[in-house]
Amino acid sequence: MKRKLNFYAGPSVLPEEVLHEMQKQLPDYMGEGFSLIEASHRGKVYDDVHNETVDLMRELLAVPENYKILFLGGGATLQFSMIPMNLMRQGKSADYIHSGAWAGKAIKDAQKIGQVNVLYDGKDNSYTSLPEAAGVKPSADSAYLHITSNETIGGLQWKEWPETGEVPLVADMSSDILSRPIPVEKFGLIYAGAQKNLGPAGSTIVIIRDDIWQNSPDSLTAYLSYKTHAEKNSLYNTPPVFPIWGINLVLKWVKKMGGAAEMEKRSRKKSEILYQTIDESEGLYRCPVDPKYRSTMNVVFRLRDEELEKKFLAEADGHGMLGLKGHRSVGGCRASIYNSLPVEAVERLAEFMKNFAKKHYMV
Ligand code: PMP
C-alpha cells in the first residue's frame with residue numbers, strides 16, 4: 001500500500017511502524033490469547049500498559065514527581081470546563097490570553113463558570129500575533145492564567161512562557177505537546193488532546209501539580225473533579241484503553257527517535273522548509289502570522305485568491321497530499337506537520353508548492 005502524505009490537523013498521521021505494531025498485536029496481545037482492547041482495565045495486562053504510558057510521558061517531558069499525569073476522556077474541550085470548575089475558587093477570577101479560535105472557546109466556557117479577565121485579545125491583529133511573554137502578568141485576584149501554547153487554526157505558537165509567580169500557569173498544548181522540551185515546573189496544569197502528537201483520538205492528557213488537584217472542590221461530581229482521577233491513577237472509571245495503547249506505542253517511537261529534543265529539531269526543520277518556500281515565493285504564497293510566533297506544527301498560508309486556492313488543493317489531492325485545506329472558519333491552506341510526519345513528506349510538499357507556483361503564476 002502506498003500511504004498518502006497526511007497533513008490533517010487532527011486526527012492526524014501516526015508513525016507507520018506504530019500502525020503495523022497495533023495490527024500485529026490486535027487479535028492476540030503479546031501472546032496473551034486476547035486483544036488488549038478486550039482486556040479488563042482492572043487486569044494486569046492492561047495495568048502494565050497504563051503505568052508504562054504514564055512513566056514514558058513522565059520521562060519524555062521530564063515531569064517532576066509532584067505532578068500527576070492523567071488520561072481522561074471528553075477531549076481538550078472538556079478541560080475548558082474542568083479547569084475553571086476545579087481551579088476558580090469562590091470569589092476569584094481567572095486570566096486568559098485570547099490568541100485565537102481555541103483560546104476563544106476556552107474563554108467562552110470559563111465565562112459560564114466564573115469571572116474571566118481577558119489580559120490580551122488579538123482581535124486587532126486578526127489573531128496573527130501574541131503578546132510578549134515577559135509582559136504578561138496575572139491580575140491581583142487571579143486563580144490561574146490560561147494560554148494556548150499553539151493555535152491550531154491560526155498557526156501561531158508561544159516561544160517563551162510568561163512568569164506567573166504564585167498564580168498557576170495553565171496551558172492548552174493540544175497541538176504542540178511533545179514537539180519540544182518544556183519546563184513543566186513553570187506550569188500548574190498542562191492539557192492536550194491525544195490526536196495530534198500523541199496518538200489516536202479519544203484520550204486527553206492532563207499534567208497537574210499535586211497542590212492543585214488536592215484543592216479540587218468537594219462539590220464537584222466525580223468525573224469532573226481532578227481529585228477523583230489523580231487519586232485513582234485515571235482508573236476511577238473505564239479509561240480510553242485503545243487510545244492509551246496507541247499513545248504508549250507513539251511514546252516508545254518518540255523515545256527511540258531521540259525524545260522531545262529531537263522532535264524539536266525535526267519540527268524546526270520541517271516548518272523552516274515550508275516558511276522558506278512561502279517567503280521566497282515573492283508573494284505567491286503568503287503566511288499571515290507574525291514571523292516571531294509562527295507555529296512549527298500548523299503552517300497556514302494563502303494564495304492569491306480563493307479560486308487558485310481551490311485549484312491548489314485539488315492538485316495537491318491528486319498528488320496524494322491530504323488535509324491541506326485551512327479550517328472551515330478561516331479558509332486558506334494549512335499544513336499540519338506533527339511529530340509523526342516524516343521530513344520527506346514536507347520536502348515533497350515544498351516541491352509541489354514550487355512547481356504549482358511556476359505553473360500558475362509565471363507567464
Ligand atoms: N485546543 C486546541 C489547541 C485544539 O487544536 C483542539 C482540537 N483541534 C482542541 C482544543 C479541542 O480538542 P478536542 O476536539 O479534543 O476536544
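## Briefing: contacts, salt bridges and overall fold

Beyond its neighbours within four places in sequence, Ala9 is in contact with Thr152, Lys196, Arg334, Ser336 and Tyr338; contact means heavy atoms within 4.5 Å. This is a predicted model, in which local features need pLDDT of at least 70 and side-chain atom pairs count only at pLDDT 80 or more, while totals for chains, interfaces and linings use all residues. Residues are numbered from 1 along each chain as its sequence is written, and side-chain values use heavy atoms, with hydrogens and water left out. The protein chain has 10 helices and 13 strands. Helices (H or I, at least four residues) and strands (E, at least two) are DSSP runs, numbered from the N terminus.

**Overall fold**

- The radius of gyration of the protein chain is 21 Å, close to the 21 Å that the globule rule gives for 363 residues, so the chain is as compact as a globular protein of that length.
- That radius is taken over C-alpha atoms, and the globule rule is 2.2 Å times the number of residues to the power 0.38.
- Along the principal axes, the C-alpha atoms fill a box of roughly 70 × 60 × 30 Å.
- Of the 363 residues, 56% count as buried. Buried means under 20% relative accessible area, exposed over 50%, and partly exposed in between (1.4 Å probe, protein chains only).
- Among contacts with a separation of 6 or more, 68% come from residues 24 or more positions apart.
- The accessible surface of the protein chain comes to about 16,000 Å², with 51% belonging to carbon and sulfur atoms. Areas come from the Shrake-Rupley method with a 1.4 Å probe; for residues, only the protein chains shown count as cover.

**Ala9**

- Ala9 sits in the loop between strand 1 (5–6) and helix 1 (16–25).
- Ala9 counts as buried because its relative accessibility is 13%.
- Pro183 is 174 residues from Ala9 along the chain, and their C-alpha atoms are separated by 25 Å.

**Helix 2**

- Helix 2 has 17 residues. From first C-alpha to last, helix 2 reaches 24 Å, close to the 24 Å expected at 1.5 Å a residue.
- The expected span is 1.5 Å times one less than the number of residues.
- The buried residues of helix 2 include Val45, Val49, Leu56 and Met57. Among them are also Tyr46, His50 and Arg58.
- These buried residues pack against strand 2 (67–72), strand 10 (204–209), helix 7 and helix 8.
- Ala62 follows helix 2 and has a positive phi, near 50°.

**Salt bridges**

- The structure holds 18 salt bridges. Each is a side-chain nitrogen of Lys or Arg within 4 Å of a carboxyl oxygen of Asp or Glu.
- One of them joins the side chains of Lys255 and Glu59, at 3.1 Å from N to O. This pair links distant parts of the chain, with Lys255 in helix 7 (residues 241–257) and Glu59 in helix 2 (residues 44–60), 196 residues apart.
- Lys255 is partly exposed at 40% relative accessibility. Glu59 is partly exposed too, at 46%.
- Lys265 forms a salt bridge with Glu262, with the closest N and O atoms 3.7 Å apart. Both lie in helix 8 (residues 259–279), 3 residues apart, about one turn of the helix.
- An α-helix has 3.6 residues a turn, so residues three or four places apart point the same way.
- Lys265 is exposed, with a relative accessible area of 58%, whereas Glu262 counts as partly exposed at 25%.
- The side chains of Glu315 and Lys359 also meet in a salt bridge, at 3.0 Å from N to O. This pair links distant parts of the chain: Glu315 is in helix 9 (residues 306–318) and Lys359 in helix 10 (residues 343–361), 44 residues apart.
- Lys359 counts as exposed at 55% relative accessibility.

**Nonpolar surface patch**

- Leu26, Ile37 and Phe242 form a nonpolar patch on the surface, with about 230 Å² of accessible area together.
- Patches are made of residues with over 30% relative accessible area and no salt bridge; like charges are joined within 9 Å, and nonpolar side chains (Val, Leu, Ile, Met, Phe, Trp, Tyr) within 5 Å.
- Leu26 lies in the loop between helix 1 and helix 2. Leu26 is partly exposed, at 34% relative accessibility.
- Leaving aside neighbours within four places in sequence, Leu26 is in contact with Ser35, Ile37, Phe242 and Trp245.
- Leu26 and Leu36 are 10 residues apart in sequence and 7.0 Å apart in space, C-alpha to C-alpha.
- Phe242 belongs to helix 7 and is partly exposed, with a relative accessible area of 37%.
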